[in-house]
Amino acid sequence: HAPVAHLKVVETDEVVAQPPVQLAAAALSCVIPCFNEAANLRLLLPLLEQLLQGIGLRWEVIVVDDGSSDDTSDVARTWCQLAGFRLVRLSRNFGKEAALSAGLKAARGDAVVLLDGDLQHSPQLIGKMVEQWRSGAEVVYAVRENRADEGALKRVGTRLFYRAVNISSRTPLPEDAGDFRLMDRKVVDALLALPERNRFMKGLYAWVGFKTVALPYTPAPRAEGQSRFGALRLLNLALDGITSFTTWPLRLISVIGLLLAVPALGYGVFLVLSHFISGSDVPGWSTIVVSLMFFMGIQLVSVGIVGEYVGRIFEEVKARPLFLVREEHGHGLAERTP
Ligand code: UDP
Ligand code: MG
């Protein structure tokens, strides 16, 4: 009987050595940052539920109410009676980037999908994202195929912004990629571990790296309501991005300073020499006024640029929390055991 017993041992060993079948147990979190999206949530949540049931993973949907003044929370709360839906309500409007951070922190899935609440990010793409994830991608982001829906000014501005950031960044931002993406748990944990207050998410996604796949898509028009990102807010966001991911503006100041100082010195030497050699008078006051104003202007701009960075340091040093949660409802996935 000895050989048979031996054989049995080998068999059980083999069974143990095989990787556990994890796919069936894999879980997906969907995070939706919402600021006054009640009307859109009424459309999106049923769609999403149906779609997630079809994918065949365990799932949860986390609605982050970013201080809405409409009944976004009420809509989300009625859905929270169903298993899988959760509402995280922030104490006020903290902005989309903070709302995303709140959602990422609350999510317990093995992968997290971020999508807007206004149906611009079509939920149908989630299935494809999950496919890519299951075949090994750690980040799957959606890239807009075209910007035909946007005005010329916004397109030019966007191009300039990507130029300005990517000119010196070691981790270039992929153009036309937004927050619509799936991230593996590893990536989410990496993002959550980043200590900075100023969460320019696009930059942070690029910074953490990981195996990344892009999926082209065409954003749908907003279902209800209007975009909260007007020209001024976009400009602000762009400046945030540039000052938190590059330092070339500071270097530019030094270069401009040098470029101006060297010729000025040369001109000064020339004036002194010509006074002694040919006895000519110092030329008139207009030169002085013009150059004074020019240099003062450059100085003020320089101080402003330095100020942007100092302001950034100030925000970081205060070390306030990114967001405050007012209340939570519903049951999503069970607590993660690390
Ligand atoms: N959003 C948010 N907090 C804000 C502004 C916007 O959570 O302070 C959400 C908004 O509800 C939406 C997403 O961020 O789900 C994208 O916002 P929006 O559609 O206004 O921007 P756009 O699509 O024009 O970039
Ligand atoms: Mg939108």
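UniProt positions are given here in the numbering of this structure, feature names are shortened, and annotations may be inferred rather than shown by experiment. With that in mind, the unreviewed UniProt entry annotates residues 252-273 and 285-310 as "transmembrane region". This is a predicted model, in which local features need pLDDT of at least 70 and side-chain atom pairs count only at pLDDT 80 or more, while totals for chains, interfaces and linings use all residues. Residues are numbered from 1 along each chain as its sequence is written, and chains are lettered from A and ligands numbered from 1 in the order in which they are written.

**The annotated span**
- Residues 252-273 are 100% helix and 0% strand, and the end C-alpha atoms of this span lie 32 Å apart.
- Helices (H or I, at least four residues) and strands (E, at least two) are DSSP runs, numbered from the N terminus.

**The sheet**
- An open sheet is formed by 8 strands in the order β7-β5-β6-β4-β1-β2-β3-β8, with mixed pairing.
- Its edge strands, β7 (212-217) and β8 (325-330), each pair on one side only.
- On average, neighbouring strands of this sheet are turned by 20° against each other, direction ignored.
- Two strands pair if DSSP finds at least two bridges between them.
- Strands of a sheet pair through backbone hydrogen bonds, either parallel or antiparallel.

**Pairing around β1 and β4**
- Strands β1 (residues 27-34) and β2 (residues 58-65) run parallel and are joined by 8 bridges; Ser29 stands opposite Glu60 in β2.
- Strands β1 and β4 also run parallel, with 4 bridges, and Leu28 has Ala111 in β4 as its bridge partner.
- Strands β4 and β6 run antiparallel, joined by 4 bridges; here Leu114 stands opposite Arg181 in β6.
- Both faces of β4 are covered, with Ala111 and Val113 buried on one side and Val112 and Leu114 buried on the other (buried: 20 or more other C-beta atoms within 10 Å of the residue's own, with C-beta atoms placed from the backbone).

**Helix across the sheet**
- Helix α7 (residues 185-193) lies across β4 (111-114), β5 (139-144) and β6 (177-184), and runs at about 115° to β6.
- Axes are lines fitted to C-alpha atoms, for helices over the stretch in contact (C-beta atoms, placed from the backbone, within 7 Å), and angles run from 0 to 180 degrees between N-to-C directions.

Note on methods: Contact = placed C-beta atoms within 7 Å. Buried ≥ 20, exposed ≤ 12 C-beta atoms within 10 Å, placed from the backbone.
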